[in-house]
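Look at the structure first, then try each task before reading on.

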Amino acid sequence: MNVIDERIEELLSGKVSGELSSEEERELECWLEASEENRQQFRHTVAAWERLLMLKADFHPDVQLRLKELKKRTRRRKPLTIGKFMHYASLWLILVGTASFLIWSVLFSFTKEKDNREFASISKPGKEQALLQMADGEKIELDVSVLDTILYRGVEATLKVDTDRMLHYNAVGVTTKQDTATNLLITPKGGEYRIVLEDGSIVWLNSLSVLKFPFVFGQEERRVKFSGEGYFQIHPDSKRPFIVETGEVSVRALGTTFNLTTYEKERVATTLVSGSVEVVTAKGERAVLKPGQQALLSEEKLSIRTVDIAYITSWMDGKFNFDNTTLEEISAQISRWYDVDIIFGEEHLKSIRFSGSIQKFRPLGDLIDRIEATSNARFSVKGNSIVIVDK
């Protein structure tokens, strides 16, 4: 197997980044003239660099971690295979000023097509799909094929899906007894959906979410129950506050927009986009949020922090946005959206952090390419699961 020593690695990295001195240029020329094998390795390096320049940066690794890896690599002073060299060359390019470009190394070019097919065999990007369970027990499957359709019309309600695949519930003539009846809107793994409630409020449900709502709201308040992740756009009504219960917290609003995440029961986040909300914990702690603030309930303690709303709500815009996000958190999102189980072969990989974005309707292999090219993580298909190990 082809190997290169530490000095040649430095010369090749310096050449493609334009940082060699005249003396180093002559040293590299001598090495290139020595054999065709050396010249081939140089061509691989140039190819990797060109791939870097072809794509804009939309995914950034934990640079400090990569720097530690390089320092450890230097201390060991072991020869590298050409494959390993391309990996470290990519890492080096991050550190010499090309962090504004996505790291794509030749190491992955020959496996990319194969990996995409493998990942595609056990995962698909999510889509608009949900299950509506009516108060009388009737279940209605909702997916992309349900469009501009009246699902139910009766004396008490009309239920329809409009041309934008948004579920509308319009209640008419509902009796007091029927007020207590509730419906469930459930999104599975790999699903998302939107509903307009009878008061005009709109709720976007992300994957693995459940909204429990009544046929019609009462005269004093509008109350729903929720789990998962949802984006709430509340219709103004000063006489009837809108209350979302999760079990861990309740969010009280009049006319406002907020994002609510309850995937982890011990970690519930309420992020205010506009207006004002009050968050109340099961223990009675209270917090009133301003736009751009997030109330985070973690380990039974409520804290307030300022966040980037665009990152929090990017799932509604068809993107995965990561802001110094751990691979463990990213994997949880991948699992929910692509409906695939992910297993870590080594615990330390969970703490690798990334920042950036990618369209979430793209094949899973595209996201995995970016993670692999900017970290030491390696993904592989094992049965119906994906296993992450160290390279």
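**Exercise 1.** Which residues in helix 1 meet which residues in helix 2?

*Ground rules.* The model is predicted, so local features need pLDDT of at least 70 and side-chain atom pairs count only at pLDDT 80 or more, while totals for chains, interfaces and linings use all residues. Residues are numbered from 1 along each chain as its sequence is written, and side-chain values use heavy atoms, with hydrogens and water left out.

*Solution.* Helices are DSSP runs (H or I, at least four residues), and strands are too (E, at least two), numbered from the N terminus. Contact means heavy atoms within 4.5 Å. From helix 1 come Arg-7, Ile-8, Leu-11, Leu-12 and Lys-15; they meet Glu-24, Glu-25, Glu-27, Leu-28 and Trp-31 of helix 2. Sorted by class, this contact has five nonpolar, no polar and five charged residues.

**Exercise 2.** At roughly what angle do the axes of helix 1 and helix 2 cross?

*Solution.* Take helix 1 (residues 6-16) and helix 2 (residues 22-34). Axes are lines fitted to C-alpha atoms over the stretch in contact, and angles run from 0 to 180 degrees between N-to-C directions. The two axes come within 10 Å and cross at roughly 115 degrees. That makes helix 1 roughly perpendicular to helix 2 (65 to 115 degrees).

**Exercise 3.** Which strand gives the most to the lining of the largest pocket?

*Solution.* Strand 24 gives the most, with seven residues.

Notes
Parallel < 35°, antiparallel > 145°, perpendicular 65-115°, else oblique. Nonpolar A, V, L, I, M, F, W, Y, C, P; charged D, E, K, R; others polar.
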